[in-house]
Amino acid sequence: MVVRDEVRKMKSVAPLVAAMSNEARCKALEKVAEKLIEKQDAIFAENKKDLEAAAENGVADAVVKRLKFNEDKLRDVVAGIKQLITLEDPIGKVTLDREMDEGLRLTRITCPIGVIGVIFEARPDALVQISSLCIRSGNCPVLKGGKETTFTNRILFGIIYDAVLEAGFPEGCMLQVEQHNEIDELLTCDGLVDLLIPRGSNAFVRYIMDNTHIPVMGHADGVCHIYVDKDADIEKAIPIIIDAKTQYTAACNAVETLLIQRDEELIGRLMPRLTAALAENGIKLRGTKEVTDVVDRVVGENSGESTEGKNLEYESISEDEFKEYLALIVSAKFVDNVDEAIEHINLHGSHHTDAIITENDETAARFMQLVDSAGVYQNCSTRFADGFRYGFGAEVGISTSKIHARGPVGLEGLVTYKYKIVGHGQIVGDYASGKSEFHFKDL
C-alpha cells in the first residue's frame with residue numbers, strides 16, 4: 001500500500017463525510033456497536049493471539065495490561081459509543097452571528113477538521129474510541145496502533161469500517177496502516193492530512209513533532225502530582241493516592257509524584273498510614289532522603305508486633321531522578337507550602353493533571369489557579385482525567401497544548417470552524433470610499 005495515494009483518496013471524500021447528517025453519523029455508530037457485540041468471539045480470539053505473542057516476546061506487564069481486550073473492555077467501548085450518540089452534534093453550531101451591515105450577514109460555524117492521523121499505543125480499545133469519535137465528528141481517520149495489538153486492531157478496524165460502509169459512508173473514509181515505515185510516509189502527507197495526534201512516549205511524540213510539517217496535537221509524558229496539604233483529611237488522602245497509582249498504573253494520568261507539606265503534625269498523621277498503604281498495595285517508594293528518613297522511623301516503630309509498612313520497598317533518590325514510571329512506583333518529596341508545590345509542579349510536571357488534597361478552599365483555589373496544567377483537581381484522583389469520565393463519550397487523546405484543544409480531547413476538540421458571509425451585491429470599495437458603513441450588530 002502506498003500511504004500517500006490512499007490518503008489522497010481520503011482527502012477527496014472528506015468533504016462528503018463532513019456533509020453527512022447527524023442522523024446518518026449516529027446510525028453508523030449504532031451499527032458499529034451492534035457489529036462489535038455480534039463479532040465479539042472473533043475479536044477475543046484475535047486478542048488471544050496478541051497476548052500469546054506478547055508472552056513469547058517478553059512484553060512489559062504495563063503494555064500487556066493495555067493490549068488486553070476482554071468482555072469488560074468491550075462493554076466499556078460499547079457504552080462509550082452509546083454515550084457519543086446521545087451527545088449534541090458538534091457540527092453546524094453557530095458560534096457567531098453578526099450583521100455587518102444591512103443585508104450583509106457574517107456567521108461562524110463549526111465543521112470537521114478533515115483528515116486526522118492518529119498514532120496510538122498498544123490499546124485496542126483506543127482504536128474503537130478514536131474511530132467512534134471521528135465518525136461522530138465527521139472526520140476521516142488514518143489509524144496506526146501499536147504492533148503488539150496487530151491482530152486485534154486488524155479485526156476491530158475491519159468490523160468498524162464495514163459497519164460504516166453499510167451505513168452509507170463513502171469508501172476510503174477510514175484507513176488503517178500497520179507497518180512502522182508507513183508512519184514516516186504518513187508524516188510527509190502535509191497538505192493531505194490536516195492534523196496528527198500521536199499517543200506514546202515523550203521520545204516518540206517529539207520524533208513526530210520534529211519530522212513533519214503537519215500540525216500535531218497531543219502530549220508526551222504524564223508526570224502527574226498529588227500535593228497533600230497540612231489541612232488534608234487523611235481519610236480522603238490515602239484512598240485517593242492509592243487509586244491514582246493503582247487503578248490503572250500504566251495510564252498517563254496515574255500519579256507519579258507525591259508532594260507533602262513539611263508540617264510536623266501532618267507528617268505524623270499521614271506517613272504511618274501512607275507507608276502501610278503503599279506496602280499493602282505493592283507500591284515502591286522512591287523519596288528524597290528527608291522522606292526516607294521519616295519512613296525509616298515509621299518502619300522502625302512498626303518493627304515489633306505490628307506489620308504495618310514492614311514490607312515496604314523504598315529507596316532514597318534525588319528529585320532530579322523523579323520521572324514517569326507507569327509502574328507501581330511513586331516518588332515523594334516534602335515541600336514548605338502550597339507555593340513550593342506549585343513551583344515544583346510547574347517546573348517538573350508535564351502539565352497533564354495535578355491534584356491537591358486539602359479541606360482549605362482558599363489554599364485549593366490558589367493551587368488550582370496557579371498550577372499550569374490541563375487538569376487541576378481538589379480532593380479526588382488524577383485518574384478522572386479521561387474523556388469518558390468527563391462525559392465526552394470517549395477521547396481521541398489528551399492534549400497539554402494551550403492552542404485549539406486542552407485536556408481530554410472529545411468531540412469539541414475534533415472540530416474547527418469556518419466563516420460564512422451572505423450578502424446582496426455589496427463590495428468592499430463602497431466601504432473603503434465611505435459610501436457605505438459597517439454597523440456591526442450581533443444577532
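Hi everyone, let's start at Asp 125, which sits in helix H6, residues 124–136. Helices here are DSSP runs of H or I with at least four residues, strands are E runs of at least two, and both are numbered from the N terminus. Before going on, a word on the source: this is a predicted model, with residues numbered from 1 along each chain as its sequence is written. Local features need pLDDT of at least 70 and side-chain atom pairs count only at pLDDT 80 or more, while totals for chains, interfaces and linings use all residues; side-chain values use heavy atoms, with hydrogens and water left out.

Back to our residue. Is Asp 125 buried or exposed? Asp 125 counts as buried, at 7% relative accessibility. For the cut-offs, buried is under 20% relative accessible area, exposed is over 50%, and partly exposed is in between, using a 1.4 Å probe and protein chains only. Leaving aside residues up to four places away in sequence, Asp 125 touches Arg 66, Phe 69, Lys 73 and Val 77, where contact means heavy atoms within 4.5 Å.

Arg 66 takes us to the charges. Arg 66 forms a salt bridge with Glu 121, with the closest N and O atoms 3.2 Å apart; the criterion is a side-chain nitrogen of Lys or Arg within 4 Å of a carboxyl oxygen of Asp or Glu. Arg 66 lies in helix H4 (residues 61–67) and Glu 121 in the loop between strand E3 (115–119) and H6, so this pair ties together parts that are 55 residues apart in sequence. Glu 121 also forms a salt bridge with Arg 199, again with closest N and O atoms 3.2 Å apart. Arg 199 is in the loop between strand E6 (195–198) and helix H9 (202–210), 78 residues from Glu 121. Both Glu 121 and Arg 199 are buried. Through shared partners, salt bridges join Arg 66, Glu 121, Arg 123, Asp 125 and Arg 199 into one network.

How many salt bridges does the structure hold? The structure holds 35 salt bridges. One of them pairs Glu 166 with Lys 31, at 3.8 Å from N to O. Glu 166 is in helix H7 (residues 150–166) and Lys 31 in helix H2 (residues 22–38), 135 residues apart.

Now the cysteines. There are zero disulfides, taking a disulfide as two cysteine sulfur atoms within 2.5 Å. The sulfur of Cys 134 is 8.4 Å from the closest cysteine sulfur, in Cys 140, which is too far for a bond.

Last stop, strand E11, residues 329–335: six of its seven residues are buried. Thanks, happy to discuss!
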